[in-house]
Amino acid sequence: SLRCVELSRAQEICRALPLFISVVALFVDAQREQVEKVLSAVPVDVLQFHGSESAEQCTGFSRPYIKVIGMQPGLDLQSVIQSHPEASGFLLDAWQPDTHGGGGIAFDWAEVPASTDRPLILAGGLTPESVGEAVARTRPFAVDVSSGVELEKGVKSTEKIQAFMRGVERGDASKANR
């Protein structure tokens with residue numbers, strides 16, 4: 001992944017973080033030993049599993065976890081959610097057969113259920129221009145963005161991040177008025 005960092009860089013980043021920031025380690029079909037190696041080197045608060053991991057592969061690390069779900073056509077979302085009973089939440093992203101997210105592609109927000117028994121995080125093609133509508137329509141627990149606020153792959157734009165946050169606020173205000 002273009003956004004993958006070496007353990008030494010992750011350690012540097014964690015040392016520089018202010019208080020009350022949660023560290024999330026993202027894995028794609030990693031072996032248990034790799035997850036444990038990261039956990040022994042970096043103060044991780046939450047695990048995010050972005051591949052085809054089963055519930056058993058996501059548990060047993062003494063950390064809460066988020067399971068990413070690629071929103072492909074015909075997906076039985078409720079079934080996937082129920083198959084991960086210990087997940088703290090689910091990140092809904094555009095399904096991309098050759099990659100695991102980060103492609104700036106949106107999915108049909110009508111596929112997001114009105115309610116579930118755990119928090120939903122919306123991702124996939126969100127931009128400063130689209131996030132307000134996405135928040136108003138889907139009412140997610142949170143949103144996730146990367147490519148939508150980049151100048152180029154891996155390089156974030158302060159201005160785009162600020163505009164994105166204003167978009168979230170507009171969407172949140174819109175949903176409060178419903």
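**Notebook: strand β2 and its neighbours**

I began with β2 and strand β3 (residues 65-71), which pair in the parallel sense over three bridges. For me, two strands pair if DSSP finds at least two bridges between them. Strands (E, at least two residues) and helices (H or I, at least four) are DSSP runs, numbered from the N terminus. Within this pair, Gln48 stands opposite Ile66 in β3.

A note on the source: this is a predicted model, where local features need pLDDT of at least 70, side-chain atom pairs count only at pLDDT 80 or more, and totals for chains, interfaces and linings use all residues. Residues are numbered from 1 along each chain as its sequence is written, and side-chain values use heavy atoms, with hydrogens and water left out.

Next I followed Ile66 onward: its bridge partner in β4 is Gly89. Strand β4 (residues 89-94) runs parallel to β3, joined by six bridges.

Then I asked myself: are the residues on the two faces of β2 buried or exposed? Val46 and Gln48 on one side, and Leu47 and Phe49 on the other, are all buried (under 20% relative accessible area, 1.4 Å probe, protein chains only). In a regular strand the side chains alternate between the two faces of the sheet.

Last, I stepped back to the whole sheet. It is open, with six strands in the order β1-β2-β3-β4-β5-β6 and parallel pairing. I noted β1 and β6 (142-143) as the edge strands, each pairing on one side only.

Notes: Buried means under 20% relative accessible area, exposed over 50%, partly exposed in between (1.4 Å probe, protein chains only).
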